[in-house]
Structures are given as structure tokens and as C-alpha cells.
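Subject: Structure handover

Hello,

Please find the structure below. My notes on it follow.

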Amino acid sequence: MITNTTRQFLTVLISSITILWFNKRYRRFVLVPVIIIVIGFLLPQKMVIPVRGATTADWDVNSFWAYPWGSSITHKGIDIFNQRGTDVLSSTYGIVVYTHEGGKGGKSVMVLGPKWRFHYYAHLDEIDAFPLQPVKAGTVIGTVGDTGNAVGKPPHLHYAITTPFPYFNLRDTTAVQGNRKMFHLNPDTWLRAEELSD
Ligand SMILES: [Zn+2]
């Protein structure tokens, strides 16, 4: 589901550039999507911990890319533990891309934030968001739960960030699935820094 979103994003981007380029009438607009991408990268990012009242002590710093991790092979996010029903907050401003029910994530929400980063919130008890909804950092988008493959486990928010544009510096030749690390950002990196700066 996560990688599907970034793949679809790239497909739309590449096909729109291709269509503009090969249509002589519209070729002069070919830089429009490129400029939109650049603007997106320039947008500043300020993040909040996406569970109300949570601190950096509520997730395991080593859980990102933990292995082995069931059918996912590696754990491409962090699990923020809290009581069922606690508010799940959007960590950044952005736009809700989709809400979904079913599969490994259970009830889940995907938000596109600044720098073309996709923020994925899973195992929600309730979803409180709708597609194309604009959100701010701190907007309630659901509640902590144990849906999907978290059924029967302590309620937690699975929070993950993916990017359609690879970060080549994050490629890790020693880790399992290490090449994929270019497309999965560790939320801990920013959440810990934000807490220190407060
Ligand atoms: Zn998880």
C-alpha cells in the first residue's frame, strides 16, 4: 500500500511530463510539473509527534527497519504505543491522499506533506479524515487502535514516511532490503529533533 502510493505518484508525474513533451502545443508547459516539484521540496517541514500526549519514550528507537518482521520482512516505520482511542494527529501539514480499511494496516490514513513525503498512519481504531482534506500539524485524523495485523497486540500507531524521490545517501548495503531504505524515511530522525528543539 505504501509503496503503491509512491509508485502511482511517480507514474502520474512521468506520464504528465511525457504527454506535455510529446504534444507540440503543450510542450512549453513541460516545466510546470517540474516547477511544482521544486516548490514542494522548498516547503518547510515542522513535525509533531502524531499521538496526543506521546513522547519519544513511547516508541522503540530501534524498531525502524527491525528484522525479521513477518510478511513485511523489515519494519518500515515506528510503532507509537498508547491507549486505544487516543487522538492520532497529522505530524505535518498536508493533504489527505486516502483513507483505507483492510489489509495489514487495518484502518489507515495517508497524508502528503511537504517535500513530497507520504505519511502513513495505520492500525487506527477510528478514522477521522477524508480524501483531499487539508490538514495542519496536530489536526486529529483518527484514534489509536489495533486494526489490521495489529489485532490482539497492544494498541499502537504504526507511523511511516515514504518518498517517491530516492535519498541515495540512505541506501544501506548491509541491511536486509537495504536498497529500499532510499524510499523509507525514519520518522524518529525528525520527531526526536523536534522534541529537543522545544
Ligand atoms: Zn509498525
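How many residues of domain 1 are in contact with domain 2? Eight residues of domain 1 are in contact with 13 residues of domain 2. In contact means that the C-beta atoms of two residues, placed from the backbone, lie within 7 Å.

Before the rest, two notes on conventions. This is a predicted model: local features need pLDDT of at least 70, side-chain atom pairs count only at pLDDT 80 or more, and totals for chains, interfaces and linings use all residues. Residue numbers start from 1 along each chain, as its sequence is written.

**Domains**

The protein chain is divided into domain 1 (2-42) and domain 2 (56-197). Those bounds come from an automatic or database domain assignment. The C-alpha centres of the two domains lie 26 Å apart. On the side of domain 1 that touches domain 2, helix H1 (2-22) and H2 each give two or more residues. H1 gives the most, with six residues. By class, that side has four nonpolar, four polar and no charged residues. Here Ala, Val, Leu, Ile, Met, Phe, Trp, Tyr, Cys and Pro count as nonpolar, Asp, Glu, Lys and Arg as charged, and the others, Gly among them, as polar.

**Overall layout**

The protein chain has three helices and nine strands. From the N terminus on, the order is α-α-β-β-β-β-β-β-β-β-β-α. Helices (H or I, at least four residues) and strands (E, at least two) are DSSP runs, numbered from the N terminus. The C-alpha trace spans about 55 × 40 × 35 Å along its principal axes. Among contacts between residues at least 6 apart in sequence, 62% join residues at least 24 apart.

**Burial and core**

Buried residues make up 32% of the 198 residues. A residue is buried if 20 or more other C-beta atoms lie within 10 Å of its own, exposed if 12 or fewer, and partly exposed in between, with C-beta atoms placed from the backbone. Helix H2 (residues 31-42) lies largely in the open, because the number buried among its twelve residues is zero.

The largest nonpolar core has 32 residues. Such a core is a set of buried Ala, Val, Leu, Ile, Met, Phe, Trp, Tyr and Cys residues joined through C-beta atoms within 7 Å. Val51, Ile80, Val88, Val109, Tyr121, Ile141 and Leu157 touch the most other members. Strands that each supply at least two residues of this core include S1 (78-81), S2 (87-89) and S5 (117-127). S5 gives the most, with six residues. Val88 touches Pro50, Val51, Tyr121, Leu124, Ile141, Gly142, Thr143, Val144 and Leu157.

**Two loop residues**

His75 lies in the loop between H2 and S1. His75 is buried, with 20 other C-beta atoms within 10 Å. Leaving aside neighbours within four places in sequence, His75 is in contact with Ser63, Phe64, Trp65, Ala66 and Trp69.

Phe165 is in the loop between S8 and strand S9 (184-185). With 17 C-beta neighbours inside 10 Å, Phe165 counts as partly exposed.

Best wishes
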